[in-house]
Structures are given as structure tokens and as C-alpha cells.
Amino acid sequence: MSITRINEFKAKEGQVEALLANLQISVPKIRTSQGCLSCRVLQHMERPSSIVIIEEWASEEAHEQAVKAIPVSVLQETMKLVTEPPYGEPYRELKVG
């Protein structure tokens, strides 16, 4: 069953560009991972320090494997650029209507 992950990042003051540069390293790795159906990066229009990544995966397992492909150093650098640990949750699509 496919899943959608919504991940939220809140950049520290003055660190938005650095966070976006950091995501330039990890997002391509996500997009080329086996089982990734799509990956979009969105920035809040009124609060540019709020960045959301919406990922669609063939399975939760595919997502877990992709996370392992991101170098630890990139993850550590991300943590220095955000006000709190990134928050992410899996969702499933419901057929409504």
C-alpha cells in the first residue's frame, strides 16, 4: 500500500537559504530512491522559514530504506539549521466521494 509522508522543517532565523541548500543534497537522493513515487518541497508563502516536504512512497519500507541513503553528516547539518527536529508523519489516501 502506498503512503504519503508530510515532513515539516522550521528554519532558524537567517538560516532559510542554508536549509534549502542542505535539502539540495538530500532531496535528489530521496527522489531517486527505489519506491519513491514523488517528492515535492514547499515553502510557506507568509512564513518562509517553514518548509514542507511531501513524499509519496510505494510502501513505508521503501521510505525507511531511502532514509538510510542520506549521509549522517547531512542529517546532522540539517539539525543545526532548524529550530526543532523536523516533524514527519505517514498518511494513507482515503477514497471519499
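The legends below describe close-up views of a predicted model.

Residues are numbered from 1 along each chain as its sequence is written, and side-chain values use heavy atoms, with hydrogens and water left out. Because the model is predicted, local features need pLDDT of at least 70 and side-chain atom pairs count only at pLDDT 80 or more, while totals for chains, interfaces and linings use all residues.

**View 1**
R5 lies in strand β1, which covers residues 3-10. Helices (H or I, at least four residues) and strands (E, at least two) are DSSP runs, numbered from the N terminus. R5 is buried, at 10% relative accessibility. Buried means under 20% relative accessible area, exposed means over 50%, and partly exposed lies in between (1.4 Å probe, protein chains only). The side chains of R5 and N7 are joined by a polar contact of 3.5 Å. The side chain of R5 also reaches the backbone oxygen of G88, at 3.4 Å. A polar contact is a pair of N or O atoms within 3.5 Å; within protein, one must be able to donate a hydrogen and the other to accept it, and residues adjacent in sequence count only if both atoms are side-chain atoms. With neighbours within four places in sequence left aside, R5 is in contact (heavy atoms within 4.5 Å) with I53, I54, E55, W57, E60, H63, G88, E89 and P90.

**View 1. The salt bridge between E8 and K10.**
The whole structure has 4 salt bridges. A salt bridge is a side-chain nitrogen of Lys or Arg within 4 Å of a carboxyl oxygen of Asp or Glu. In one of them, E8 pairs with K10, and the closest N and O atoms are 3.9 Å apart. E8 is partly exposed, with a relative accessible area of 29%. K10 is partly exposed too, at 32%.

**View 2. The salt bridge between E77 and K80 in helix α3.**
E77 forms a salt bridge with K80, with 3.7 Å between the closest N and O atoms. Both residues are in helix α3 (residues 72-81); they are 3 residues apart, so about one helical turn separates them. E77 is partly exposed, with a relative accessible area of 34%, whereas K80 is exposed, at 55%.

**View 3. The salt bridge between E93 and K95.**
E93 and K95 form a salt bridge in which the closest N and O atoms are 3.9 Å apart. The relative accessible area of E93 is 66%, so E93 is exposed. K95 also counts as exposed, at 75% relative accessibility.

A search of the whole structure finds 0 disulfides. A disulfide is a pair of cysteine sulfur atoms within 2.5 Å. For C36, the closest cysteine sulfur is that of C39; the two sulfurs are 5.5 Å apart, so they are too far for a bond. C36 is buried, at 16% relative accessibility. C39 is buried as well, at 7%.

**View 4. The largest pocket and its lining.**
The largest pocket holds about 370 Å³ of space. Its lining has 20 residues, and F9, E55, I70, L75 and P86 are the ones nearest the centre. At least two lining residues come from each of β1, α1 (16-31), β3 (50-57), α2 (60-69), α3 and β4 (87-91). On a 1 Å grid over the protein atoms alone, a pocket is an open set of points where a 1.4 Å probe fits, with protein on both sides within 12 Å along at least five of seven lines; lining residues have an atom within 4 Å of a point. Grid points are joined across faces, edges and corners, and a volume is the space filled by probe spheres set on the points.

**View 5. T78 in helix α3.**
T78 is a residue of helix α3. At 7% relative accessibility, T78 is buried. The side chain of T78 reaches the backbone oxygen of V74 at 2.9 Å. Apart from neighbours within four places in sequence, T78 is in contact with F9, L19, N22 and P86.

**View 6. Q34 in the loop between α1 and β2.**
Q34 sits in the loop between α1 and β2 (36-43). Q34 is exposed, with 75% relative accessibility. Q34 and W57 are 23 residues apart along the chain, and their C-alpha atoms are separated by 8.9 Å. Not counting residues up to four places away in sequence, Q34 touches W57 and A62.
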